[in-house]
Amino acid sequence: MANYFQPEIERASQEQIKAWQDERLVETVKHVYANVPYYKKLMDEKGITPADIRSCDDLYKLPFLTKNDLREAYPYGLLAVPLEDCVRIQSTSGTTGKRVVAFYTQADLDLWEECCARAIVAAGGSKKDVVQVAYGYGLFTGGPGLNGGSHKVGCLTLPMSSGNTQRQIQFIQDLSATILCCTPSYAAYIAETFQEMGIGPEEISLKAGIFGAEAWSEEMRRDIENKLGIKAYDIYGLTEISGPGVSFECEEQTGMHINEDHFIAEIIDPVTGEVLPEGEKGELVFTSITKRAFPLLRYRTRDICVLTRKPCSCGRTHIKMSKPMGRSDDMMIIRGVNVFPSQIETVLLNYGYPANYQIIVDRVRNTDTLDIQVEMTQEMFSDTVKGIAARERELVDGLKSMLGLAAKVHLVSPKTIARSEGKAVRVIDKRKI
Ligand code: DLL
């Protein structure tokens with residue numbers, strides 16, 4: 001028997017969903033055109049006004065928005081309400097000069113938390129549950145989003161944040177946590193630690209997990225499910241659009257229902273920008289239609305997905321997206337942190353290295369590893385062994401402050417990294433996900 005947090009919305013008819021989307025889109029376009037000069041300019045350049053957008057059928061007329069627009073408009077350029085109406089910011093992981101900052105009014109937070117509550121109830125959660133939130137808290141949306149959702153459902157919420165695995169295990173055991181929320185790689189690590197302690201699935205109180213923020217495979221899902229004795233549900237989202245809960249999995253485990261009363265999804269050809277029909281693989285684009293502080297129209301996520309309206313056995317009518325199958329840009333997600341190769345290159349160039357390097361990403365015992373091989377100049381190469389070790393440490397520190405992530409650095413002799421004849425292969429991602 002399926003459970004819903006807001007059954008009248010989650011099982012609404014297609015006509016009702018379309019009616020909500022039409023009305024809210026029109027209203028949102030008026031709102032941003034009137035209040036965000038950045039949008040007004042983009043729309044004026046395309047020669048359209050709010051009067052041209054009368055329903056979702058006109059969505060294609062609107063300009064796209066990208067992460068670059070968000071950086072350009074940083075920090076307040078896309079804010080659509082007075083700052084005094086905002087009560088919170090969150091920000092994307094990764095720490096290039098300009099981060100993406102998203103603003104929320106109290107009403108925006110409530111709607112976001114309701115989306116997360118839907119995900120928790122879909123995973124079998126009710127007020128009887130003990131929800132252990134082991135996503136990071138702070139600027140990252142994972143902890144705050146699931147925390148708020150858990151409150152809305154009325155669960156006993158354990159705001160653990162990530163890390164300190166022994167303490168996570170102790171709380172799962174002592175407080176009989178029933179639902180674990182964290183990244184899939186951290187869930188796998190917790191599962192492995194239980195196994196090493198000789199604690200089997202039948203002795204673990206958990207019944208479900210809500211795992212997302214990074215790609216994970218079906219094999220990984222089964223492995224976590226078996227070790228912890230749970231059902232593992234996927235959850236998707238991005239800071240720009242609110243955070244976790246943009247879409248979530250139901251018991252069918254065949255894709256994530258997008259909360260269509262809040263977000264309109266499109267799939268486009270990442271090269272031409274052309275809208276593709278349902279069922280075709282392409283880049284996912286979102287338009288938020290209920291947010292007040294930071295509404296985004298046609299935001300290009302860079303995530304490659306497929307959408308389907310095939311009826312779902314859970315009774316939900318909202319469209320489903322597949323797990324993201326990759327990205328149309330070069331962003332990597334390493335231990336939950338968004339990393340662009342260009343950030344790494346910037347650090348190397350700052351320290352005087354030639355741009356000959358290779359980034360090797362792997363997953364060892366369910367934890368992402370980041371190794372960077374960097375060619376030295378001839379001059380650096382003639383340095384002492386001690387001098388080279390000091391240089392490596394210096395780069396590790398520089399990378400840490402740029403990425404917020406520990407990397408391993410290996411300095412190699414000049415001309416040892418293979419040169420390519422076409423595009424340089426900078427990144428070797430060995431993770432099988
Ligand atoms: O990762 C929000 C989130 C927190 C989602 C907790 C789920 C759970 P960002 O840091 O802005 O936000 O990163 C967004 O992460 O564009 C995807 O590429 C990737 N991503 C998020 N969820 C999934 C998922 C949060 N379930 C970027 N599967 C997105 C694969 C995911 N990739």
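Which strand gives the most to the shell around the ligand? In this predicted model, local features need pLDDT of at least 70 and side-chain atom pairs count only at pLDDT 80 or more, while totals for chains, interfaces and linings use all residues. Residues are numbered from 1 along each chain as its sequence is written, and side-chain values use heavy atoms, with hydrogens and water left out.

The answer is S7, with five residues; strands here are DSSP runs (E, at least two residues), numbered from the N terminus. Of the 23 residues around the ligand, those that come nearest are Ala213, Asp234, Ile235, Thr239 and Asp303, where a residue is near a molecule if one of its heavy atoms lies within 4 Å of it.

| Residue and atom | Ligand atom | Distance |
|---|---|---|
| Ala213, backbone N or O | nitrogen | 3.1 Å |
| Thr239, side-chain N or O | oxygen | 2.6 Å |
| Asp303, polar side-chain atom | oxygen | 2.6 Å |

Taken alone, the ligand exposes 610 Å², of which the protein buries 97%, with areas from the Shrake-Rupley method and a 1.4 Å probe.

The ligand sits in the largest pocket, meaning that more than half of its atoms lie within 2 Å of the pocket's grid points. A pocket is an open set of points, on a 1 Å grid over the protein atoms alone, where a 1.4 Å probe fits, with protein on both sides within 12 Å along at least five of seven lines, and lining residues have an atom within 4 Å of a point. The largest pocket is lined by 50 residues, and Ala213 and Asp303 are among those nearest its centre.

Methods: Polar contact = N/O pair within 3.5 Å; in protein donor to acceptor, adjacent residues only side chain to side chain. Helix = DSSP H or I, 4+ residues; strand = E, 2+ residues; numbered from the N terminus.
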